[in-house]
Amino acid sequence: MLICPVCRKKTQLHQKDVQSLKTNFNITGLADQLKLVSLSEDNQWVCKLCMDKNEATHFCFDCPAIFCANCYKVHQKSHTVNTLKDISDGKIASKERKPKRRPECQTHEGEVMWFYCTTCDKMICQACTVIDHRNPQHEYIDCNQASSTYKQSLAQLFTPLEETMKKLAQSQATAPTMKDNLNIAAKRTMADLKNRADEIRAEVTAQESRIMDEVQTILKDRNKKLEEFEQAVSVHLQQIQQSLQSAKDVSKNSLAPDFLAVYSTISQDLKELRDQNQPKIDPTLSHLRFTPGVFDISLGNLITKEPMWELSLKYDDGIGWARDIDASIPGDEVAVADVENSRVVIYDTTGHQKKTIDLPQVPWDVAAFKNQLVIVDETNSVKMYNKNGNKMFEFHTVPHSEVGKTSVHLHSVAVIKDTIMVGDVMRSVITKHRSSDGALISTVSVQTPPWYLAIDSKDRVVVSGGDRQQVDIVGLTGTTLFSINPKINSRQVRNCTGVCCDSSAIYIALWNGFDTGHIHQYDTQGRFLSCIAQGLYSPCGISLTSDGQQLAVADWKSVKIYNKV
């Protein structure tokens, strides 16, 4: 077994198999040139044209001969002459050498090999064409034609391999980023763990040490895997780069006999590299976080992989502009606020339209409450509908004495227990109402205009500010606890739209323009966890199903359903 010191390709050598090794044309070309060089007794190059044995400084490719600076001045100006230093430094390409005469047939003495047998993949002479390589058993063509044809064949392998190199380079670049993210996630995970451990230190010291060790083990193991991946990609990339460059050099600079002598080997090598499976990496290796357990002796568990979300269903039956959505309706139904058609449409889990609630004005938001729907529309009032689509009652978000006097712009609604929360973007307030009759309970000012609302597992209000480019987590008294400033590709987003929550995460729809929509997942402290969907046209409202296993997205003129896997 031989390993090439340049491309690291492994070659299994058997007895009498040395001829299978690749030819290095740069070395053989240099060897041909050295055969023409005369050395003096002190191992210096000497001129072959004059009797003074001056030190040789130039080489003529036409003669061929080496000579000194004096002889160079009177040498044929039409000849190709270069300095020996340029030749020894490799600055002179082998293409500048004069063509050799065609090789002679080793089977038929004195016969020149003018043809190439495509059946046997070897050069042959004219005698071979009537003796050993006769038609129809053998097919042969002129050597120049064969060289041209096979060069084109070889060139077809260049583009896919160059594309493979680009993909490998991109893949190679992901590993350091994943390692950085992994280290950040590990540090953050250990910080969460430490904070949790401090609360019940006396009871959980043993568990803390165990899980800390587990984090370190996972970090070490995954770093090792990522380093192995980097090494594998680097070796693969180097193999392709060296082999591809060698093939290009041979195709560009070699004469037909030299090229044909190695074509089969090089072609086979390139095909093997083209078809070779690229190194792959588990994209979840950088995922690592800590989720608190129940406040008892169990400290919690490590989550080494974030759940993946897959698009499972898309439907657009009759949707004009889906501005908001609620998928938590009992009976596995989905309510969609269709702005363009001034209605709320109820769909089943397969996307089949079950019923329609026509409205006098554009609906901005919809929220499910038990078997009822709370709708905010352009009339700037809030309407309650039963499951049959009949309006139960309507209420305003200002005292009766202020109706028609105080300007409001209602745009969002959410429900917490038996309280309805309504967002007014004009006054930048959230009003609280009794669910039984809509009576106003209180009005709370918020810093960010409430274009979209959600309630998280800790009964905090999640306020999405639209073009304010942030989402605030607000206490029930209106105090901003912290803010999330989402980014796409490390840049601040243009718009934050729909929000929803489950027991351990906050989900936010983001938008930078058409076809740029993302859905990002954050933990309950506002730290980014993952991007669970991207490439959305213009995502607005989002909602989880009651079991938390599906995410529904109101995406302009369609609804998209993502399954947690």
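**Figure 1. Two hairpins share strand E18.**
Which residue in the turn of the hairpin formed by E18 and E19 has a positive phi? Gly389 does, at about 90°, in a hairpin with five residues between its strands. What you're looking at is a predicted model, so local features need pLDDT of at least 70 and side-chain atom pairs count only at pLDDT 80 or more, while totals for chains, interfaces and linings use all residues. Residues are numbered from 1 along each chain as its sequence is written, and side-chain values use heavy atoms, with hydrogens and water left out. Helices (H or I, at least four residues) and strands (E, at least two) are DSSP runs, numbered from the N terminus. Two strands are said to pair if DSSP finds at least two bridges between them.

E18 (residues 382-385) and E19 (residues 391-395) are antiparallel and joined by four bridges, with Lys383 partnered by Glu394 in E19. On the E17 side, four bridges link E17 (residues 372-377) to E18, again antiparallel, and Leu373 has Tyr385 as its bridge partner. That hairpin has four residues between its strands, and Asn380 in the turn has a positive phi of about 60°.

**Figure 2. Side chains along E18.**
In a regular strand, side chains alternate between the two faces of the sheet. Here Val382 and Met384 point one way, Lys383 and Tyr385 the other, and all are buried. Buried means under 20% relative accessible area, exposed means over 50%, and partly exposed is in between (1.4 Å probe, protein chains only).

**Figure 3. An open sheet of four strands, E20-E21-E22-E23.**
That is the strand order, and the pairing is antiparallel. Out at the edges sit E20 (410-416) and E23 (440-445), each pairing on one side only. Neighbouring strands are turned by 20° against each other on average, direction ignored; for such angles, axes are lines fitted to C-alpha atoms (for helices, over the stretch in contact), and angles run from 0 to 180 degrees between N-to-C directions. Zoom in on E21 (residues 419-424) and E22 (residues 429-434) and you'll find six bridges joining the antiparallel pair, with Met421 opposite Lys432 in E22.

Grid points are joined across faces, edges and corners, and a volume is the space filled by probe spheres set on the points. Met421 and Lys432 are among the residues lining the largest cavity, and others include Val444, Val461 and Val474.

**Figure 4. The second largest pocket.**
This pocket has a volume of about 1,100 Å³. Its lining takes in 35 residues, and Asn181, Phe528, Leu529, Ser530 and Cys531 lie nearest the centre. Helix H6 (158-199) and strands E28 (487-488), E32 (517-523) and E33 (528-536) each supply at least two lining residues.

Arg460 is in the loop between E24 (452-455) and E25 (461-464). Is Arg460 buried or exposed? It counts as buried, because its relative accessibility is 11%. Its side chain makes a polar contact with the side chain of Asp456 at 2.6 Å. (A polar contact is a pair of N or O atoms within 3.5 Å; within protein, one must be able to donate a hydrogen and the other to accept it, and residues adjacent in sequence count only if both atoms are side-chain atoms.) Beyond its neighbours within four places in sequence, Arg460 is in contact with residues including Ile473, Phe482 and Thr524, where contact means heavy atoms within 4.5 Å.

Arg468 is in the loop between E25 and E26 (471-474) and, at 48% relative accessibility, counts as partly exposed. Setting aside neighbours within four places in sequence, Arg468 is in contact with Gln447, Thr448 and Pro449.

**Figure 5. Asn495 reaches Asp467.**
Asn495 lies in strand E30 (residues 495-501) and is buried, with a relative accessible area of 18%. The Asn495 side chain reaches the backbone nitrogen of Asp467 at 3.1 Å.

How values were computed:
1 Å grid on protein atoms, 1.4 Å probe; cavity = no way out; pocket = protein on both sides within 12 Å on 5 of 7 lines; lining within 4 Å.
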